[in-house]
Amino acid sequence: MTPWILHPPADEESGPTFTRPLSLNESGYYLDCCFQGTTDLVWHYIVRSSPELFSEANVHRAWRLLKHRYPLLGSQVCTTEDSPVFIFAVAAMRLHGLLPGEVILKTIANADEALNIIEEIFQGPQRVFGLLPARLYVLERLDETTTHHVIVNTAHFIADGVSHIMLCRTFFHILSTPSPKATPDPAERLAMVVECEEMNPAKSLSMARQRWMRVIGSVIFGLRRRGLRVRRRSFVFCKIL
């Protein structure tokens, strides 16, 4: 497993930075974002509440706390001139503050305008994913002042469908509760962000044993599939009789 490396701050304002290389799977999703833009994740929620819940100060507070809980939201992808490897960089400054275009609060006329914004996310000009992997839209309706549309947009190389659900659930929880007395330690949170390849239980085995397990698995799968075909044909034959 490739560990996160802590780099000391370059100056008093920047704070420390954690880095680690992207895995093969993460690099594939990142390149797809850069060249195709087809791995954007967008979740759209319609919330009815008091206007105070979605005040600018409260939304900004909740998003900053969310980035401390999930530091990859504030990450950026870097490269070096002498290496083709992509590198995650999570700087404390990016977690504490808000980046340009990261949180967008806007007033819209009706629900159709919210759908147009989602369409623009998918079909419009692509952002630089390596610098801004996540965005939050909070849209206030003029026709229904108690209704807000919340759109969370992340790149696939930092989240998937399941984690995105947990991400949005946590955001609404933070939005509607007071701030905790202490923020999570980024080192502890990043220690849980490991490459998905490391979750493969066969990784600890030798290459020869991994190949043997793949061959055995393929044989077992073929036998089971063949058995299903035989049972299906027998069932069809009985129904004809």
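**View 1. The whole chain, by size and surface.** The protein chain has a radius of gyration of 23 Å, whereas a compact globule of 241 residues would have one near 18 Å; the radius is taken over C-alpha atoms, and the globule rule is 2.2 Å times the number of residues to the power 0.38. This is a predicted model, so local features need pLDDT of at least 70 and side-chain atom pairs count only at pLDDT 80 or more, while totals for chains, interfaces and linings use all residues. Residues are numbered from 1 along each chain as its sequence is written, and side-chain values use heavy atoms, with hydrogens and water left out. Along the principal axes, the C-alpha atoms fill a box of roughly 70 × 55 × 35 Å. Of the 241 residues, 36% count as buried, meaning under 20% relative accessible area; exposed is over 50%, and partly exposed is in between (1.4 Å probe, protein chains only).

View 2. The chain has 7 helices and 8 strands, taken as DSSP runs numbered from the N terminus (helices H or I, at least four residues; strands E, at least two). Here, 4 strands make an open sheet in the order 1-2-5-4, with antiparallel pairing; two strands pair if DSSP finds at least two bridges between them. Strand 1 (5-7) and strand 4 (76-80) are the edges, each pairing on one side only. From one strand to the next, the twist averages 35 degrees. Look for the 5 bridges between strand 2 (residues 17-21) and strand 5 (residues 83-91), where Phe-18 stands opposite Val-90. Helix 1 (residues 24-35) packs on this sheet, touching strand 2, strand 4 and strand 5, and its direction makes about 90 degrees with that of strand 5. Such angles run from 0 to 180 degrees between N-to-C directions, with axes fitted to C-alpha atoms, for helices over the stretch in contact.

View 3. Another open sheet of 4 strands goes 3-8-7-6, with mixed pairing. The twist here averages 15 degrees from one strand to the next. Strand 6 and strand 7 (residues 134-141) run parallel, joined by 6 bridges, and Lys-106 has Leu-139 as its bridge partner in strand 7. Lying across strand 3, strand 7 and strand 8 (147-155) is helix 5 (residues 161-175), at about 35 degrees to strand 3.

**View 4. Inside the nonpolar cores.** The largest nonpolar core has 37 residues, and Trp-63, Phe-88, Leu-136, Phe-157, Ile-158 and Phe-171 touch the most other members. A core is a set of buried Ala, Val, Leu, Ile, Met, Phe, Trp, Tyr and Cys residues joined through side-chain atoms within 4.5 Å. Elements supplying at least two residues each include helix 2 (56-69), strand 5 and helix 5. Leaving aside neighbours within four places in sequence, the contacts of Leu-136 include Val-59, Trp-63, Ile-104, Val-152 and Phe-171 (contact: heavy atoms within 4.5 Å). A second, separate core of 8 residues includes Ile-108, Ala-114, Ile-117 and Ile-121.

**View 5. Leu-142, out in a loop.** Leu-142 lies in the loop between strand 7 and strand 8 and is exposed, with a relative accessible area of 61%. Not counting residues up to four places away in sequence, Leu-142 touches Thr-107, Ile-108 and Ala-109. The C-alpha atoms of Leu-142 and Ala-109 are separated by 5.0 Å, though the two are 33 residues apart along the chain.
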